[in-house]
There are 2 protein chains.
Amino acid sequence: MRLSQFFLPTLKEDPKEAQIVSHRLMLRAGMIQQSSAGIYSWLPLGHRVLKNIENIVREEQNRAGALEILMPTLQPADLWRESGRYDDYGKEMLRITDRHDRDMLYGPTNEEQVTDIFRSHVKSYKNLPLNLYHIQWKFRDEVRPRFGIMRGREFLMKDAYSFDLDYEGAKIAYNNMFVAYLKTFARLGVKAIPLRADTGPIGGDLSHEFIVLADTGESEVFYHKDLLGLETPTQAEYSPEQLQSIVDEWTGYYAAADDMHDAEACDVAESDLITRRGIEVGHIFHFGDKYSKPLGASVAGPDGKEAVVSMGSYGIGVSRLVGGIIEASHDENGIIWPASVAPFDVGLINLKSGDEACDTACTEFYGKLTNAGVDVLYDDTSGRAGEKFAKMDLIGLPWQATIGPRGVKSGVVEVKNRASGEKQELSLDDALKLLVG
Amino acid sequence: MRLSQFFLPTLKEDPKEAQIVSHRLMLRAGMIQQSSAGIYSWLPLGHRVLKNIENIVREEQNRAGALEILMPTLQPADLWRESGRYDDYGKEMLRITDRHDRDMLYGPTNEEQVTDIFRSHVKSYKNLPLNLYHIQWKFRDEVRPRFGIMRGREFLMKDAYSFDLDYEGAKIAYNNMFVAYLKTFARLGVKAIPLRADTGPIGGDLSHEFIVLADTGESEVFYHKDLLGLETPTQAEYSPEQLQSIVDEWTGYYAAADDMHDAEACDVAESDLITRRGIEVGHIFHFGDKYSKPLGASVAGPDGKEAVVSMGSYGIGVSRLVGGIIEASHDENGIIWPASVAPFDVGLINLKSGDEACDTACTEFYGKLTNAGVDVLYDDTSGRAGEKFAKMDLIGLPWQATIGPRGVKSGVVEVKNRASGEKQELSLDDALKLLVG
């Protein structure tokens, strides 16, 4: 993509309304634009990151055997009356009346709706286990939306729902998602750790939040230092026993956010206990028959008797992760994207656009990279060198390649790694090798 | 995908509520489920088709140089007050009040919002031309939603918006989208023809609907018989002059829907005039300064003077196309998907699941197809042969491959082409060659 044909409205100054770094950098990098309080449009650069994250989340859900569906944004209120949540849910639920005066709502979550789909079609234990997920916009009418897309009102979430005959089956489904989440966050290039989470009236120990560590995180987290050293599981498939042992390993170390942390009960030696801040980006939760019972989602079991199915839900904040990754990965000059989610792989800078030799060298190099499948943002504009460097640092592509009059003469390109800041002068061929990877 | 692990709730009987064939087949094939009037959930099979269509539309928009963004579903009413449409728009607009009593609406379209993005950032003619598009759910509160997703309330649409300095530029943008639409519909495997459409108070001739021909179409269309013989443009890029001559060629033949058809003015010989029915799946429209003027979207021109930009909009009904394609392509046994949008490439039928030889042969064949990148739905269930065949015909995958005890002995697989109905017995190797393509 040539920058001259792209839409990248970057800002030089910090916008006043942004209190946290991800919000500031997303506005400055031209990733988003506010539409109204807590509601944003995603501009081309931001949209690319959002899609990259969405696709990784999707692939890992598919690999884990979850099936993708798509439930609508607007739901009938009657369904929520069946579960009893229509009256319980507070003002965060956006209630809507249509032209025929029917009560509707903009879904803040989808337990009722997915249970309705299940009960309409699944009648036998033979069709279990089943895990249905979707990636859809949701709405929570926050009283005070803030921090950009981190605490917005309209947000994109992946939510999966598992259906099993009994608790034993539900536990396998839970462990399967636990492991899928470890893989997902590793692919997204972030260090996410699972924390014990509150199970409320449901009880049991099947509830974990996944948080990304970042100094600017919303909550304080406490964990055993060895937790960060654990290897992410890599196999495509695991048996139920293997899943359990991976979950046991990861949950064997102490890890809790401030709301669950109990200094008295925590038996980790002080020298082993790390305290940092974190941002919640995922939550998995076994809730048994909380929705299947009131909504009548049951199947005929192997013994012929009707059994209410045992359910769990598994969320990942897709749009929130865009901000979460920036909070965890930036410096004073801008964003530092992990390669897997970067909006482009390489930023190519033409130091003297309009100079025939520079234009030719850049166009050729751009063509070679593009043909090799590398996604390049080519700054072919007439801006000053300093501005171009600053803009590339701001938008945080993993690699920068710079070609100017001096380099053209000697046949070299300067390649900079955004994360390490390391620069090297390479021949065009060597640069190509490095960037194609 | 093994059918035993898939969620495909097919129906044997025609659902009573469905009046048209696409609605009936989508329900019977387990593609969608109604949530409330005119609002549907997309089940795994339907979701796959929806995504395939969405991706083809996206690729052709990107190739045409349009830039993808994503605007939110909920918009502030104030923006629509600026254009004057908030009060003009009837009850089809879903009006919402949030917890702070702010007026909002669920976007039925996005002219105001995209113009707001434009005016916030683009100040010079040097940043033109610009074409921004998004693929987002929209809502129109139809008084009587019907025909399944064909005339639903919550629907997925691609809408692009072009910005140019003057009418001449806007015309190039219009022609560029016209040609992109020809390519898009050809890739989707449907015969779509452009019809002159009403330009209302805007005037001029830059408004075309694209309709898919189907006997069950909502409107009557009249066109010159040679229109269907035109070749779809195939080049990656065209000059403005070439675009104009392609548009001239396609609009040189008479073509109009009943609302625009004038039997008196139509100079086509009776023997050359074809009358059929059609379904609108796209609409492109030049509307000049209709929104840019009231919203103050102007740029500094080459002469330094401020110029209000000239705009056009370009819609494709993505979810509507799922139904439109079915209306145009089905028989008495079910859907016949064009290969490009089919939910799977091949349906593999095991005639005797549980028989060791059959299971082994099927599993091997399934593995080979999958490894070659073919997307297979493998019916490994214990159903009867007749049921399996009927289900495959119903869901309409382009190819069916059947392996049974007799075939296993003689080393053959029966391959059926869903569209032609043609069957052939092939060796496993030859079948593989045919299906891998």
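Trainee: What volume does the largest cavity have?
Mentor: The largest cavity has a volume of about 250 Å³. A cavity is a set of points on a 1 Å grid over the protein atoms alone where a 1.4 Å probe fits but cannot get out, and its lining residues have an atom within 4 Å of a point. The volume is the space filled by probe spheres set on the points, which are joined across faces, edges and corners. This is a predicted model, in which local features need pLDDT of at least 70 and side-chain atom pairs count only at pLDDT 80 or more, while totals for chains, interfaces and linings use all residues. Residues are numbered from 1 along each chain as its sequence is written, chains are lettered from A and ligands numbered from 1 in the order in which they are written, and side-chain values use heavy atoms, without hydrogens or water.

Trainee: How many cavities of 30 Å³ or more are there?
Mentor: The count is six.

Trainee: Back to the largest cavity: which residues are closest to its centre?
Mentor: Of its 22 lining residues, Lys51(A), Ile135(A), Trp137(A), Lys51(B) and Trp137(B) are the closest to the centre.

Trainee: And which element gives the most to that lining?
Mentor: H2(B) does, with five residues. Helices (H or I, at least four residues) and strands (E, at least two) are DSSP runs numbered from the N terminus.

Trainee: What lines the second largest cavity?
Mentor: Its lining consists of Pro72(A), Tyr40(B), Trp42(B), Trp137(B), Ile149(B), Glu154(B), Phe155(B) and Ser319(B). The volume of this second largest cavity is about 60 Å³.

Trainee: Changing topic, how much area is buried between chain B and chain A?
Mentor: About 4500 Å² is buried, with carbon and sulfur atoms giving 59%. Buried area is the accessible area (1.4 Å probe) that two parts lose on being put together, summed over both.

Trainee: Which element gives the largest share of the side of chain B that touches chain A?
Mentor: Helix H2 (residues 44–63) of chain B gives the largest share, six residues.

Methods. On a 1 Å grid over the protein atoms alone, a cavity is a set of points where a 1.4 Å probe fits but cannot get out, and a pocket is an open set with protein on both sides within 12 Å along at least five of seven lines; lining residues have an atom within 4 Å of a point.
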